[in-house]
Amino acid sequence: MTDLTRTPIIKWDAAQTASAIAKGEVSAVEVAQAHLDRIEAVDKKVNAFLHVDTEGALNAARAVDEKRAKGEELGPLAGVPLALKDVFTTKGVPTTCGSKILEGWIPPYDATLTARLKDAGVVILGKTNMDEFAMGSSTENSAYGPTGNPWDLTRIPGGSGGGSAAALAAFEAPLAIGTDTGGSIRQPGAVTGTVGVKPTYGAVSRFGLVAFSSSLDQGGPCARTVLDAALLHEAIAGHDPLDSTSIDAPVPAVVEAAKMRDIRGMRIGVVKEFAGEGYQAGVMQRFNESVELLRELGAEVVEVSCPSFTLALPAYYLIAPSECSSNLARFDAMRYGLRVGDDGIASAEQVTALTREAGFGPEVKRRIMLGTYALSSGYYDAYYGSAQKVRTLISRDFDAAFAGVDVLVSPTTPTTAFPIGERADDPMAMYLADLCTIPSNLAGNAAMSLPVGLAPEDNLPVGLQIIAPAMADDRLYRVGGAVEAALNDKWGHTLLEEAPAL
């Protein structure tokens, strides 16, 4: 346990922070101010935040302190600061989705997830940088400049939720929220040495989450520890009648599972297809060590083959762009956001075309064109229809695997963080960053990434991916909590304590 009296507030984890606030050892305002000061000190270098809501954060912190002063019971995350990905609507606070087309837009309502965070007493510090409309694997596609990885500011922090992951690794916030359409919570977690969880599709409300690919998008928790991720998961999950895809079922007992730290008797499958050419040697070394650790902790480890997983990447890059081309049609300059060319003479169609040309970046335009083509008459069955059939095959592979094992494991991403700009002109190389994460999005099940060490060749973080069946999210936390505890005991500290100072 960390000695809080000797540790700066910004280094406390969320559970420690909430406990200290509840006991009156520190005020929520002190905690919020410490993190706001940290953002002021380092974020010009990191660029994790697009908007810092200083006034809103301090007001929320004061409200927590007032509740405590009145003797009211505080929730398990009351007063804990959080960085919110700029794809969730926040009433009165800018929401840009990393795009010029929404620059300056102030939503008139909160997303359900935002409202639940506020109800839990979580202090929202601001909105984090992201690939435009969540389309990317590096946060280089943001209209507001790339985010740096706190382990090496010349390298990417993952994407699309690189801002949220970087905020955690830079100790700008102990908690963050991301969204995962093809790996955009897990891949940033892997390359920044943090924990990222994609809950079961439908477990966390998408109401107020600006849509990229509606059948794939899923909000989820990002944190520095497995327990912190579980606490945040419980705060944001649950049925929402405002979301037609929301699952009306109890939230799995993820906090209890995170505290178990016992995986004796569990059967764990190693995915055969997630290895071989294209995987960095150091990533595979740390992954193989993690598999051996699972055996040492009492789990039975077997190899599992999921042959359809090799088709996941091309299927995803037909389904997601198709849905994006439909969802992004709403940005037409008529209702909200940017408007270009409205000189009183130009037609509505001309204004829409000029606005979309000026407001969307290259990757968004690429995916809209790809998706529109895939949905066009004469090509729908050949492309989109075929991709949906592959999606069914992937789900069947998961069903077959989970008939024999409790969870699956793999590397989260084939390589560690690559240099900013290295893959900017090679979309296929960029897309390969999500090779291991995409199948879980297509099937809708739950998955987690947690840090398992540094790759020897570049001293950068490596992530272990754990995959569980739909609505068995607690299994992620049971395995993740056990692995994390064993590694921290082995190292004598957490991995982020090895990160270079900013």
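This briefing walks through a pocket, some salt bridges, a few individual residues and some backbone details.

The model is predicted, so local features need pLDDT of at least 70 and side-chain atom pairs count only at pLDDT 80 or more, while totals for chains, interfaces and linings use all residues. Residues are numbered from 1 along each chain as its sequence is written, and side-chain values use heavy atoms, with hydrogens and water left out. Helices (H or I, at least four residues) and strands (E, at least two) are DSSP runs, numbered from the N terminus.

**The second largest pocket**

- The second largest pocket holds about 360 Å³ of space.
- For the terms here: on a 1 Å grid over the protein atoms alone, a pocket is an open set of points where a 1.4 Å probe fits, with protein on both sides within 12 Å along at least five of seven lines, and lining residues have an atom within 4 Å of a point. The volume is the space filled by probe spheres set on the points, which are joined across faces, edges and corners.
- Of the 22 lining residues, G56, A60, K118, V122 and I124 are the closest to the centre of this pocket.
- Helix 3 (54–69), helix 4 and strand 3 (123–128) each put at least two residues into the lining; helix 3 gives the most, with six.
- By type, the lining splits into 11 nonpolar, five polar and six charged residues. Here Ala, Val, Leu, Ile, Met, Phe, Trp, Tyr, Cys and Pro count as nonpolar, Asp, Glu, Lys and Arg as charged, and the others, Gly among them, as polar.

**Salt bridges**

- There are 16 salt bridges in the structure, each one a side-chain nitrogen of Lys or Arg within 4 Å of a carboxyl oxygen of Asp or Glu.
- K118, one of the residues closest to the pocket centre, pairs with D110 at 2.9 Å, N to O.
- Both partners are partly exposed: D110 has a relative accessible area of 21%, and K118 comes in at 40%. The cut-offs are under 20% for buried, over 50% for exposed, and in between for partly exposed (1.4 Å probe, protein chains only).
- R155 and D152 form another salt bridge at 3.3 Å, N to O, with D152 partly exposed at 25%.
- R423 and E422 meet at 4.0 Å, N to O, and R423 is buried at 13%.
- E363, R366 and R367 are tied together in a salt-bridge network.

**T90 and its surroundings**

- T90 sits in the loop between strand 2 (81–85) and helix 4 (112–119), and is buried with a relative accessible area of 4%.
- Leaving out residues up to four places away in sequence, T90 touches L84, T95, P107, Y109, D110, T114 and K127; contact means heavy atoms within 4.5 Å.
- One of those residues, D110, is also the salt-bridge partner of K118.

- Q218 is in the loop between strand 5 (195–198) and strand 6 (219–223), buried at 0% relative accessible area.
- Beyond four places in sequence, the contacts of Q218 include G178, D180, K198, Y201 and V204.
- Y316 belongs to helix 10 (residues 312–327) and is buried at 3%.

**Helix 11**

- A353 lies in helix 11 (residues 348–359) and is partly exposed at 47%.
- A353 and A333 are 20 residues apart in sequence, with 9.0 Å between their C-alpha atoms.

**Backbone details**

- The peptide bond between G159 and S160 is cis, with omega about 5°; S160 is in the loop between strand 3 and helix 5 (162–169).
- N47 has a positive phi near 60° without being a glycine, in the loop between helix 2 (28–46) and strand 1 (49–52).
- N459, also not a glycine, has a positive phi of about 60° and lies in the loop between strand 10 (446–454) and strand 11 (461–468).
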